Every structure is written in C-alpha cells, then in structure tokens.
Amino acid sequence: MESTSKNIDGGWAWVILTCGFFCMFLNGFMCYSVGVITEALLEEFEGDLAVTAAVGTSIIGIENLLGPFIGIGINIFGCRSCTVFGGVIAMLGLLGASFSKNLSSMMGTFGIVGGIGYGFGFLPGNVMVGLYFKKLRPIAAGITMAGAGLGMFVGPPVIRYLIDMYSLQGALLVVAGIALHFSIFGCLMRPLEENHNKSKSTSSQRLESQSCMLLLTKMWTKSKERMGGRCSSRIWKNYGFLLYVLSIFGWNCAESAVLLHLPNYCIQQGSSKQEAAFLFTIMGVTNVLSRLFTGFAANDERVSSLILHMGQMGVASLFTSLFPLYSHAYSGQVMFAAATGMYIGGVNTLFTPILFLLLDKEDLALGFGMVYCTAGIGYMTGPPVAGAIVDSGATYTQSYLFASSMFLLSSVLIMLIPIAQSVDNKLISNMNQDISVNIEEEVNEGSRWLPEQDGSCGSS
C-alpha cells in the first residue's frame, strides 16, 4: 500500500483536486443556470412567478437538503461510490424532465430526482479534497470551488443557446448527458490509504492484550453510560458551528433570490434574453477570480476566514440594496453582475477552512452535510419569497431589498462566532475535566483485572 503522507498535498491528491474541480464545474453549470431555465419554464407553462421559481430552485434545494444523508452515505459507502451513483441519478432525473408536460412533473423529475443526483455528485469531491490536502487545503478548496465559477461562466449562455436551438426539452436531454460525467470523475476518487505496522505475537503478549482489552472495554462502557452519549451529539452543542450554519442560510436565501430573478428583472428593464444570459458569463469570470483569490488569502495564517466571509457578505448587502437605482441601464446590470460574482463567489471557498476550524475531523462529513442542507433550505426559501413579494403587487425593488437584508444577516451572524467559540471552549474544558475524573476512577477500579505479576499493559 502507498503511505498516507505520500498522497497528502501531492501524488494522487492532484488527481483528486482535478476530480473535485470538474464535479463542482458540473454542479455550477446547472445551478447557476436555473435563472435561464426558470425564464424558459415561465414561457413553456405560463405559471405564477412564485410557483415557477420554486420549481427552478428545487434542484438546488434538494441537492443541499440531502447533505446530512449524503454525509452518512459517504461514511458508509465512500466518496467514489456516492459520486458514481450521483451521476447516474442526475442523468435519469434530467432525462425524465425532458418528457415532463407540467410543472408538477418537472418538480418531481428535474427538482427531486435531479437534485438527489447532483447532491451525491458534487459533495463527495469537497470531502475528498479536504482529506487529501493539509498545508495547501485553503488553496485546494479555492481551486475546487473555482470549478463552480467556471460552470457559471459557461452554463447560462450554453443552456440559453440549447433552448433556442432545440427547445427546453432538447436542452435538458443534452444536459442529462453532461451530468453523467459525474460518474467518470467519481471512478478516479481513490480512497486515502494508510500503512498498518505488523507486530509479533506471543502467548504472553496475547494474555496481556486480553487483560488490557478487558480493562478498556469496562472503562468505555461505564464512561459512555456516565457521559450520556454526549460525544454523539457534540456537533449540536457547537454554538460557533450552529451560527455558521444560520449564516449559510441567510447567504443562500439572498443569493438564490438575486440569481434566479435577475434574468426576468433585466428583461423587464429592456435587456434582451441573450443580454440577460450574458450577465452570468460576466458573473462567472469574477466568480472564478473571487474563489481563487479568497483561497490564497485564506491560506495566509494572518488572515481570518471568518473575517473574509463577514466582509464579503457585508459588501454584497450594500450593492444589492442599491441595484434598483442603476438597473435601468445595461451597463449598470453588467456592473452588478461583476460585483455579485466577486463578492458571493469567494464565500464558497471558505467552506472547508471554516469547517476544519469549527469541527473535529471525524465530524467533517456530517458538518459538510449540515451546511449544504441549510444552504438548500435557503435556496428553496429565497426565490419563492422574492417572487411572492412581486406577485403581491410590489416591485423587484422590494425583492432585492429583501435579499440585501439576508446578506446583512449572514454577515452579522459570522461576527458572533468568536463569542460563541469562547463559550464552547469553556464547555469543552469542563467536559474534559469530567471525562478525566471518570477515566482515573476506571483505571483504579480496572487495575484489579490485570495479572498480579504485571500491572501494566506494556510488553514484558
């Protein structure tokens, strides 16, 4: 077997980074094109804006809502199997969507089945990159997340072209074939291997080992009873992590409302469909740059990932609130698209470093799952709320003010994490003292189980 250290920050890690990049590209290709798809759905089925927006964002919401279950699946089956499975399911979902005749069936095929596939397709790549990189982890995360930015650059104009050429149904057929590429990259996600040192076994060592195992089993059983299962629920008592999860909700609620309604809003302001789709290309360029720059910045120990997140959300709140004042001109729409890509793209890069900062390694998969689940709730909440605001008689000005307030909420919640961490550290200190007392008691009690001639668990 190859050693673990050989593939950390090198070796097969570069293959894993490439796979993670392209899995994020495939995900961004679809997710950042939902605005274009929603506009096509409005023409095809002539439904209400709020209902159609819910269908359009359902694929993003479902893929993220399943985050905790995908995390469990990764722990059971591994990243490779989950990614291959995701590619097949995503293809089947989009294939079914191409034959859908109403919004209800689109919700089931495009939203639910497609969302399951895309969720299993992209999330394992993030976990694998986090495991294969240590010193270069923030930079690797930035490169991986830049794949989604490239998907934003390519996806909307390509899907707009496919819809114009082959209709919505034909475009979904083509994208179904593209989604199957998740499975190809998943096949290359080799699990991280470790060396296991072999030791000689003698009858005396086996006897001592059995005695030690008996002691440790007794200690573990009683300590688990006294702790009341605290270890299994520690992630729910990590207040800093919970604040980060709520911040992710605010960010995704705002981002989804902005991105999904941007094409229709710009068309109402006088832009053509092609010009509205081209805004996402501009957004994609600055999005890629933002993810890369944020990754390099987060790799500097002197720069806090939390401050980067807080600052980007604060600036996004400012220019989003002002957008209705300059949205009447296409040059203003271009400026907004460029600023949006620059200030909401980099936050994706901070997922990995912030989660490694807030969580233990064994909680990483579940942490990623919870974060993406919350992101899904935000994505499914923002567009329908913004659409309902417009349907109720208000204008897009009010809907963008709603998005601005959610960006601001995300920024404020990040500011509170250091305070929550100080509370967490006190609780952990008290818990460690309790556990230390428990273990000391069990050692004293369990020492009676050891052979009288040798009171240690070491070799003779």
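Visitor: Which residues are linked in a network of salt bridges?
Guide: This is a predicted model, so take every value as computed from it. The network links E39, E43, R160, D164 and K273.

Visitor: How many salt bridges does the structure hold?
Guide: The structure holds 4.

Visitor: Remind me, why do such side chains pair?
Guide: Side chains of opposite charge can pair when their charged atoms come close.

Visitor: OK, take E39 and R160. How do their side chains meet?
Guide: In a salt bridge, at 2.9 Å from N to O. E39 sits in helix α2 and R160 in helix α7, so this pair ties together parts 121 residues apart in sequence.

Visitor: Is E39 buried or exposed?
Guide: E39 counts as buried, because its relative accessibility is 9% and the cut-off for buried is under 20%.

Visitor: And R160, buried or exposed?
Guide: R160 also counts as buried, at 7% relative accessibility.

Visitor: What about E39 and K273?
Guide: Those side chains meet in a salt bridge too, at 4.0 Å from N to O. E39 is in helix α2 and K273 is in helix α11, so the pair ties together parts 234 residues apart in sequence.

Visitor: Which other residue does K273 form a salt bridge with?
Guide: E43. The closest N and O atoms of K273 and E43 are 2.2 Å apart. That pair links distant parts of the chain, with K273 in helix α11 and E43 in helix α2, 230 residues apart.

Visitor: How accessible are K273 and E43?
Guide: K273 counts as partly exposed at 31% relative accessibility. E43 counts as partly exposed as well, at 42%.

Visitor: Switching to cavities. How many are there of 30 Å³ or more?
Guide: The count comes to 4.

Visitor: How much space lies in the largest cavity?
Guide: About 220 Å³. Of the 20 residues that line this cavity, the closest to its centre are N27, Y32, N348, Y372 and Y379.

Visitor: Which elements give two or more residues to that lining?
Guide: Helices α1 (13–31), α3 (49–65), α7, α10 (239–268) and α15 (364–391). α1 gives the most, with 4 residues.

Visitor: How does the lining of the largest cavity split by class?
Guide: It has 12 nonpolar, 5 polar and 3 charged residues.

Visitor: And the second largest cavity? What lines it?
Guide: V36, E39, R160, P263, I267, K273, A276 and A277 line the second largest cavity. About 50 Å³ of space lies in it. E39, R160 and K273 are also members of the salt-bridge network.

Visitor: Which elements give two or more residues there?
Guide: α2 (34–45), α10 and α11 (273–298). α11 gives the most to the lining of this second largest cavity, with 3 residues.

Visitor: How do the residues of that lining divide by class?
Guide: Into 5 nonpolar, no polar and 3 charged.

Visitor: Pockets next. How much space lies in the second largest pocket?
Guide: About 300 Å³. The second largest pocket is lined by 20 residues. I74, N75, C79, V127 and L131 lie nearest its centre.

Visitor: Which elements give two or more residues to the pocket lining?
Guide: α4 (67–77), α5 (79–97), α6 (103–132) and α15. The largest share of the lining of the second largest pocket, 4 residues, comes from α6.

Visitor: What classes make up the lining of that pocket?
Guide: The lining of the second largest pocket has 12 nonpolar, 3 polar and 5 charged residues.

Visitor: One last thing, the backbone. What is phi of S167?
Guide: Phi of S167 is near 75°. That is a positive value in a residue other than glycine.

Visitor: Where is S167 found?
Guide: In helix α7, which covers residues 137–179. R160 lies in helix α7 too.

Visitor: How accessible is S167?
Guide: S167 is partly exposed, with a relative accessible area of 32%.

Visitor: Good. If I go back to one spot, what ties the bridges and the cavity together?
Guide: Look at E39. Its side chain meets R160 in a salt bridge. It meets K273 in another. E39, R160 and K273 are among the residues that line the second largest cavity.

Note on methods
Residues are numbered from 1 along each chain as its sequence is written. This is a predicted model: local features need pLDDT of at least 70, side-chain atom pairs count only at pLDDT 80 or more; totals for chains, interfaces and linings use all residues. Side-chain values use heavy atoms; hydrogens and water are left out. Buried means under 20% relative accessible area, exposed over 50%, partly exposed in between (1.4 Å probe, protein chains only). On a 1 Å grid over the protein atoms alone, a cavity is a set of points where a 1.4 Å probe fits but cannot get out, and a pocket is an open set with protein on both sides within 12 Å along at least five of seven lines; lining residues have an atom within 4 Å of a point. Grid points are joined across faces, edges and corners, and a volume is the space filled by probe spheres set on the points. Ala, Val, Leu, Ile, Met, Phe, Trp, Tyr, Cys and Pro count as nonpolar, Asp, Glu, Lys and Arg as charged, and the others, Gly among them, as polar.
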